[in-house]
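User: I'm new to this one. Can you walk me through it, starting with the terms?

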Amino acid sequence: LSPLSVNARGGKTATLLNGKDRVHGILQLDIVFPPGNFERDPTAARQNITARVTPAVDTFFTDLDNWAIPYITEHSERLLGKQMTKDEVRFGYTSCIKRPDVKEPMLKLKINSPTSKAPCRCWSQEGAEVPFIEDWAGISVKGKVMLSNLWVMGTGPKAEFGIVCVLTDAMQLSQPFAFPF
């Protein structure tokens, strides 16, 4: 993780790199909810998208969490402003996988909309770029995801932080569920 930087609005981030390269993965994603955000602004440049957790996705993000917690613990003074224990880091860490008690686990991703400077690119199964997918709910995609950066809110033991995962490319594998009547 790069040194922590602060943007004009006070957001703290540290870019995630593997050497000098960004970290990417190719995953099959079963999309549950279409892109959206808290403001319910369909024109927002960056939105949230939710997918079901398949075994491969679970393994990918479990491995990420198993790397991130010890790494952040070791570098907590640089990243969070205070030396912290592994338990303190585990308490403040937010995984990309949400595991509620009563529902199935879900993967939370970011997606850049067509109004963004770097929108998610969509592809046909033949390898041609196609227009941005309009109806995401209920489809399966093969997705290229980028582990973008560590986000940090607050400092020390009250800090909340996690890895931002961005869907950068998507190839639709199935059509949305159709109303059968």
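Analyst: Helices (H or I, at least four residues) and strands (E, at least two) are DSSP runs, numbered from the N terminus. This is a predicted model, where local features need pLDDT of at least 70, side-chain atom pairs count only at pLDDT 80 or more, and totals for chains, interfaces and linings use all residues. Residues are numbered from 1 along each chain as its sequence is written, and side-chain values use heavy atoms, with hydrogens and water left out.

User: How many salt bridges are there in the whole structure?

Analyst: The search finds 4. A salt bridge here is a side-chain nitrogen of Lys or Arg within 4 Å of a carboxyl oxygen of Asp or Glu.

User: Where do aspartate 87 and arginine 90 sit?

Analyst: Both are in helix α3, residues 86-92. They are 3 residues apart, so about one helical turn separates them.

User: Is aspartate 87 buried or exposed?

Analyst: Aspartate 87 is exposed, at 55% relative accessible area. Arginine 90 is partly exposed, at 43%. The cut-offs are under 20% for buried, over 50% for exposed and in between for partly exposed (1.4 Å probe, protein chains only).

User: What does arginine 52 pair with?

Analyst: Glutamate 104, in a salt bridge whose closest N and O atoms are 3.2 Å apart. This pair links distant parts of the chain, 52 residues apart: arginine 52 is in strand β5 (46-52), and glutamate 104 is in the loop between β7 (97-98) and β8 (106-112). Arginine 52 is partly exposed at 33%, and glutamate 104 is partly exposed at 39%.

User: And which residue forms a salt bridge with aspartate 58?

Analyst: Arginine 99, with the closest N and O atoms 2.5 Å apart. These two also lie in distant parts of the chain, 41 residues apart, with aspartate 58 in helix α1 (55-74) and arginine 99 in the loop between β7 and β8. Aspartate 58 is partly exposed at 25%, as is arginine 99 at 46%.

User: Switching topic. Where is cysteine 165 found?

Analyst: Cysteine 165 is in strand β12, residues 160-172. At 2% relative accessibility, cysteine 165 is buried.

User: What is cysteine 165 in contact with?

Analyst: Leaving aside neighbours within four places in sequence, its contacts include Phe61, Cys96, Leu109 and Val145. Contact means heavy atoms within 4.5 Å. The C-alpha atoms of cysteine 165 and leucine 109 are 5.3 Å apart, and the two residues are 56 residues apart along the chain.
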